[in-house]
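Good morning, everyone, and thank you for making the time.

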Amino acid sequence: MQKRILALLAAAALVLSLSACGGEADPQESTADSVTQTTAFTAQGDIASPAEQPGETAANTAVSSGTATTQKQPEKEQLGTLFQTMVRDRVRTGTYTVKFKQSGMSVVTSVSGKDSVIESNAAGLLQFTLINKGGEYFMLTPSTRKYVQLSSEDYAEQADSLGAASSMELDDLVLQKTGTETLSGKKYNTETYDEGSRGTVTYFFDDTGLRKARVVKDGKTSMVDTFEVVTGVDASVFEIPADYVQVSDPGQLFA
């Protein structure tokens, strides 16, 4: 379960961007072109120390007088320090929450051991929750305050519809470069990964965690507006509210 959800996390930026309308990034919005143009390289193996803080790692791009200088990651490093400490290490706790939003579509995934909850809201037009608790599966619809019990197969189908791409492995992330970039007046530390057929993904971090992602694939650029990983889970999300009514068929959920 943990590996599958970690895969969802790593794929989230790409999956949503491909399902939404991709567009070219606004050149007035970003200073990346002048700051982080570096030679792409492949890094594998050892991971940098989690004790290193954003902005203090040898891999970050230093900017002085408009000139970017970059120190390469060790040749055998697969994940950058920021992704390691602010994503992978948090997921490894086994109790964490992932939030992302793009083009009005938001998904919140909560994981506690083997249990998980996926809350989906498509611009307020289609909202539902999937609960996997103790080996039982449920789908809830807040708009009608109804729920139905699902088979494991039906649950998996619904989860896959949200982009729970279980086939993606962390080994598919190949660090290309690190740097800094300014979006909407805020400066972020960045790590850019070659993700093969899924395109090139740049993750944006501030001092506390992952915040955004940009996906470039087939000449199109898309932004994930909110992207966050935190340790801990609100335990109430695993419970079916007392005023929800159980129905026997998923087709009755929105009736």
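Predicted model: local features only at pLDDT ≥ 70, side-chain atom pairs only at ≥ 80, totals over all residues.

Let me begin with Arg214, which counts as buried at 14% relative accessibility, where buried means under 20% relative accessible area, exposed over 50%, and partly exposed in between, with a 1.4 Å probe and protein chains only. Residues are numbered from 1 along each chain as its sequence is written, and side-chain values use heavy atoms, with hydrogens and water left out.

Which side chain does Arg214 meet in a salt bridge? The partner is Glu181, at 2.6 Å from N to O, and by a salt bridge I mean a side-chain nitrogen of Lys or Arg within 4 Å of a carboxyl oxygen of Asp or Glu. This pair links distant parts of the chain, since Glu181 lies in strand 9 (residues 174-183) and Arg214 in strand 12 (residues 210-217), 33 residues apart; strands here are DSSP runs of E, at least two residues long, and helices are runs of H or I, at least four, both numbered from the N terminus. Glu181 is buried as well, with a relative accessible area of 2%.

A search of the whole structure finds five salt bridges, and another of them joins Asp206 and Lys186 at 3.3 Å, N to O. Asp206 sits in the loop between strand 11 (200-205) and strand 12, whereas Lys186 belongs to strand 10 (residues 186-194), 20 residues apart. Asp206 is buried at 13%, but Lys186 is partly exposed at 36%. Together with Arg211, these two residues are linked in a network of salt bridges.

Turning to Glu239 and Lys133, their side chains meet in a salt bridge of 2.5 Å, N to O. Here Glu239 is in the loop between strand 14 (226-231) and strand 15 (245-246), and Lys133 is in strand 6 (residues 126-133), 106 residues apart. Both are partly exposed, Glu239 with a relative accessible area of 46% and Lys133 with 31%.

Finally, consider Asp154, which has its place in helix 4 (residues 152-161) and counts as partly exposed at 37% relative accessibility.
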